[in-house]
Amino acid sequence: MQKDNQVFDLIQKEHERQLNGLELIASENFASPQVMEAAGSVLTNKYAEGLPGKRYYAGCEFVDQIENLAIDRIKELFGATWANVQPHSGAQANAAVMLATLNAGDKILGFDLSHGGHLTHGSAVNFSGKLYQPSFYGVEKETGTIDMDKVADTAKKEMPKLIICGASAYSRDWDYESFRAIADEVGALLLADISHPSGLIARGLLNDPLEYCHIVTTTTHKTLRGPRGGLIMLRDDFENPFGLKTPKGVVRKMSSLLDSGVFPGTQGGPLEHVIAAKAVAFGEALSDKYMDYVLQVQKNAQAMATSLVNRGFDVISQGTDNHLMLIDLRSKDITGKDAENALIKADITVNKNMVPFDDKSPFVTSGIRVGTAAITTRGLVESDMDRIVEYIDKVIANHENETVINSVRSEINEWMKGYPLFK
């Protein structure tokens, strides 16, 4: 068969783009060669609707073993007692949870998207905002952090059936214990979406959501450094407190409801090649080398945040506990869109992002979001963070000067020659 050079030439160009630049998008990382090998394996050929040992297709004896291995490893990593590793993404995991635990029109309380939340936490343009009645909590303008008293007030006013904690652009740790107390007071389920900091949580660098939250979801490709995908976990199984029943009228355990929320509720056949890659990544995350890695991710983020503040950038909450930070650029007199465009010309990849109390549209924004997971995978350490911030500052200050931007890009390209994607 003739090789499809049109596609593979583009793949090679993307490989070169990743090698040449600084990847600072907080939701991206570089998977290991063995994770990518598993994701590109013959397992992509296998259909396996259902759960291990309970498939609707024959020939699943080996994919059953692989999926069980992924489940066992993620349970060990997080101290969970149950997990479903089939969700295709974090959004699919959240959709399955809501389908399993709520009825259409039920109230949910989530973290405001414009303050750092996620589309699946109730955004009006997302299924979560279309199928359910959303309300929101946010951060304080003065501190950039969440006021738990105000969360409690909103919960008592709205009386949601589901409260969601977790974010896509919040740099501080979460007070899961206080969220659980609020959920118990109003009779709500508590879901923690830990898609961003999950790798740091897994190795004990941040608070443990499974200690207090009824259900936990996450992606597998950010700080966990696996393939693109999602999963759902429980530490303690329980009956759905809302009494949701199967068509036969039986009240089932939450694990069973969540399984059915994934399949047949929101997905068909699982991606067994991706599940194999998840199993590989979970095994890596249990290693001492991974522990060293996530420690360095956190150290790099804190060093970067300090350097940004020292150079006059407005970092929301003035620092970070995890791998990311959100930067309000209004004091620099540049929009997030213009900053993103200028930085990408210098081979510094960030994403424009709304900031709390933003006065610009989501297509323009007043800020950018940056993270250290990917650059840490390449081998960069704290002493490199100030150099990166110096480049960011230089480009933003000269965002209309192509000569300066080209000079920065050349320096970065030369610098990155010494760093593989996966050290």
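Contact means heavy atoms within 4.5 Å. Before you start, note that this is a predicted model, in which local features need pLDDT of at least 70, side-chain atom pairs count only at pLDDT 80 or more, and totals for chains, interfaces and linings use all residues. Residues are numbered from 1 along each chain as its sequence is written, and side-chain values use heavy atoms, with hydrogens and water left out.

**Exercise 1. Describe the surroundings of His221.**

Step 1: Find the place. His221 sits in the loop between β9 (215-219) and β10 (230-234). Helices (H or I, at least four residues) and strands (E, at least two) are DSSP runs, numbered from the N terminus.

Step 2: Buried or exposed? Buried means under 20% relative accessible area, exposed over 50%, and partly exposed in between (1.4 Å probe, protein chains only). His221 has 11% relative accessibility, so it counts as buried.

Step 3: List the neighbours. Leaving aside residues up to four places away in sequence, His221 touches Ser27, Asn29, Gly226, Pro227, Arg228 and Gly229.

Step 4: Look for polar contacts. A polar contact is a pair of N or O atoms within 3.5 Å; within protein, one must be able to donate a hydrogen and the other to accept it, and residues adjacent in sequence count only if both atoms are side-chain atoms. The side chains of His221 and Arg228 make such a contact at 3.2 Å. A polar atom of the His221 side chain also lies 3.4 Å from the backbone nitrogen of Gly229.

**Exercise 2. Work out the strand order of the open sheet of seven strands.**

Step 1: Recall the rule. Strands of a sheet pair through backbone hydrogen bonds, either parallel or antiparallel. Here, two strands pair if DSSP finds at least two bridges between them.

Step 2: Read the order. It is β4-β10-β9-β8-β7-β5-β6, with mixed pairing. Each of β4 (82-84) and β6 (133-137) has a single partner strand, so these two stand at the edges and one side of each is left without a neighbour in the sheet.

Step 3: Zoom in on one pair. Strands β7 (residues 162-165) and β8 (residues 189-193) run in the parallel sense over four bridges. In this pair, Ile164 stands opposite Leu191 in β8.

**Exercise 3. Classify the ring pair of Phe111 and Trp174, then look for a further partner of Trp174.**

Step 1: Learn the classes. Rings of Phe, Tyr and Trp (its six-membered ring) pair if their centres lie within 6.5 Å; planes under 30 degrees apart count as stacked, over 60 as edge-to-face and the rest as tilted. The whole structure holds eleven aromatic pairs.

Step 2: Apply them. The ring centres of Phe111 and Trp174 are 5.5 Å apart and the planes stand at 85°, so this pair is edge-to-face. Phe111 in strand β5 (residues 107-111) and Trp174 in the loop between β7 and α7 (176-186) are 63 residues apart, so to speak distant parts of the chain that the pair links.

Step 3: Check burial. Phe111 counts as buried because its relative accessibility is 0%, and Trp174 is buried with a relative accessible area of 6%.

Step 4: Trp174 and Phe179 have ring centres 5.7 Å apart and planes at 45°, so they form a tilted pair. Ring pairs join Phe111, Tyr137, Tyr170, Trp174 and Phe179 into a cluster.
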